[in-house]
Amino acid sequence: MNIKTLAKRRDNMQWMKLPPKIYFEKNAVRYLEKMEGLNRVFIVGDRGMEKLGYIKVVEDVLGQRVDPIQMQTFVDVEPDPSTDTVYKGAEMMKDFKPDTIIAIGGGSVMDAAKGMWLFYEAEDADFFGAKQKFLDIRKRTYKFPKLRKTQLVCIPTTSGTGSEVTPFAVITDSKTHIKYPLADYALTPNVALVDSQFIESVPPVVVADTGLDVLCHATESFVSTMATDYTRGLSLQAIKSVFDNLEDSYKGDLVAKAKMHDASTIAGMAFANALLGINHSIAHKLGQEFHLPHGRCIAITMPHVIRFNASQPKKRAIWSKYNYFRADEDYAEIARYLGLKGNTTAELVEAYVQAIIDLADRVGIKMSLKDQGISKQAVDAAVDNLAELAYTDNCTVTNPQEPLISDLKQIILDEYNGPQKQH
Ligand SMILES: NC(=O)c1ccc[n+]([C@@H]2O[C@H](COP(=O)([O-])OP(=O)(O)OC[C@H]3O[C@@H](n4cnc5c(N)ncnc54)[C@H](O)[C@@H]3O)[C@@H](O)[C@H]2O)c1
Ligand SMILES: [Fe+2]
C-alpha cells in the first residue's frame, strides 16, 4: 500500500482520545500517594482553593508518600485565565523543573495549568499559532508539540467544564481580552481524579449553571456531526444523570452532587471526541458581551437551538461522516430514553425542550435575557456582531445543520423574551 492510500485510510479512521487514567470515587485524590514518576510536583490552584483548604488536602496526601516530594504551589489563577497568568506559571516551572503538574480547581485552574504545561515543555510554542481556528481538530495545520516531559493531573472542583478529560484550554489574550479555546489532543491530561469531596462546597447557583452546562455538553455531543456510537452512549448516560440528580444536587444532597460530578466528566469524555455545536458558539459570545456565567448563557440558549437544529435544514452540515440529517431523530431518541411522551418525532423533540425548561425552572434559572437584566436596546445593539462572531466560533463546525448568520441572529433575538410555548 503506498503512503497516499495509507494516509487517506488514516484520515477516515474514527478514534477516541481520553486520559489514560480516570479515578472517580470519593477520596480518589489518594491515588497521588502511590502514583509513579512523582518527584517534583507543581501544584496549580486559585485563592479559593487555598481558602477552602483543598491545596492543603493535596499537599497532605503527597506528604503521605514514602519517598520525599519537592513541591511548589501557584495559586494566582483568576477566573477566565489570561495569557499573562499562563506565561507567569510557565516561567516558574522553567525554574522549578517539575515532572508532574497537579491542577486543582474549576475549569479556569485546569485550563491555566494546561497552558502552562504547553509553554513550559515547548520553548517554541506560540499562542498565535495555537489559537488559530481549524475546521477539524484532527487535521489542523499548526502542529502542537507532544508534551511528554511532564505529566498533568487534573482534579476538578466544579461539575461543569469536563476540562479534566478534554483537549481544550480556554485562555484569554491579555492584550486583546479575547477568549480563545486552544484545542489539541496534546492538551489531554494524563490523569483525572474526579473526587466528590471537593464539590461539597459549591454554592447552589453555581451548581445550577454548571449543571445545565453538563446537560448541553451531553446534548450537543449527541447530535454533533462527529458523534459516534462510542460517544453517544456517554452522552445519553450524562443526560439521564443530570435529569436524575441536578435538582437534588441544587438542594445540597451530597450523593446527587457526587453523581453530577461524574456526569460532568462523562459528558466531557463525549464532547472531547464528538465536539459541540452552536449552543456553545452563541453562549461564548453572550457571556463575553453581557458578563453572564457560561452555564447561564448555555441554559438560556438551549431551547432555541434545539428547535432550530430539529427543523429541516436550509444548509446541510458539511462533515463527511454525517451522511444524512438526523438531528431531529437524535433529540427524539433522547426524549424516549428519558421516558418523555410524544407520538411523532416533532412531539418528542418538543417534549425534550419542555423538560429542559422545567428543569431550569426547578433550579432557579430564569430563561430569558430580559430576566437576566439585559435591556432590549443592549441586545439590539449587539446582535449583529454577536451573530457574526458566533458563526465563526469553532463549535459551529460540528453543528448538525450549518446556520446562516441570520439564523443565529434570530436565535439571539428570541432569547430576549425566552422560549415561547409551541403549538
Ligand atoms: N477546557 C474545557 O474543556 C472547558 C469547557 C468549558 C468551559 N471552560 C472554561 O472554564 C472556565 C469556567 O470554569 P468553571 O465554571 O469551573 O469556574 P471557575 O474555575 O472559573 O471557578 C469559578 C469560581 O468558583 C470557585 N470554586 C471552584 N470550585 C469551588 C468549590 N468546590 N467550592 C467553592 N467554590 C469553588 C473558584 O475559586 C472561582 O472563584 C471558563 O474560563 C470557561 O471558558 C473550559
Ligand atoms: Fe460548556
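C395 is buried (under 20% relative accessible area, with exposed meaning over 50% and partly exposed in between, for a 1.4 Å probe and protein chains only), with a relative accessible area of 14%. C154 counts as buried too, at 0% relative accessibility. This is a predicted model, where local features need pLDDT of at least 70 and side-chain atom pairs count only at pLDDT 80 or more. Residues are numbered from 1 along each chain, and side-chain values use heavy atoms, leaving out hydrogens and water.

What about disulfides, meaning pairs of cysteine sulfur atoms within 2.5 Å? The structure holds zero of them. For C154, the closest cysteine sulfur sits in C395, and at 19 Å that is too far for a bond. C395 is in no disulfide either, as the nearest cysteine sulfur, in C216, is 9.2 Å away.

C216 turns up again where two helices meet: D213, C216, H217 and E220 in α7 touch I278, N279 and H280 in α10, a contact being heavy atoms within 4.5 Å. The axes of α7 (residues 204-223) and α10 (residues 278-290) come within 9 Å and cross at roughly 140 degrees, so the two helices are oblique to each other. Oblique covers whatever is left once angles under 35 degrees (roughly parallel), over 145 (roughly antiparallel) and 65 to 115 (roughly perpendicular) are set aside.

α10 also packs on α15 (residues 405-417), at about 60 degrees with axes 11 Å apart. That again makes α10 oblique to α15, and their crossing is right-handed, with the near helix turned clockwise from the far one by less than a right angle. Here I278, I282 and L286 of α10 meet L408, I411, I412 and E415 of α15.

How values were computed. Chains lettered and ligands numbered in written order. Disulfide = S-S within 2.5 Å. Axes fitted to C-alpha atoms, helices over the stretch in contact; angles between N-to-C directions. Helix = DSSP H or I, 4+ residues; strand = E, 2+ residues; numbered from the N terminus.
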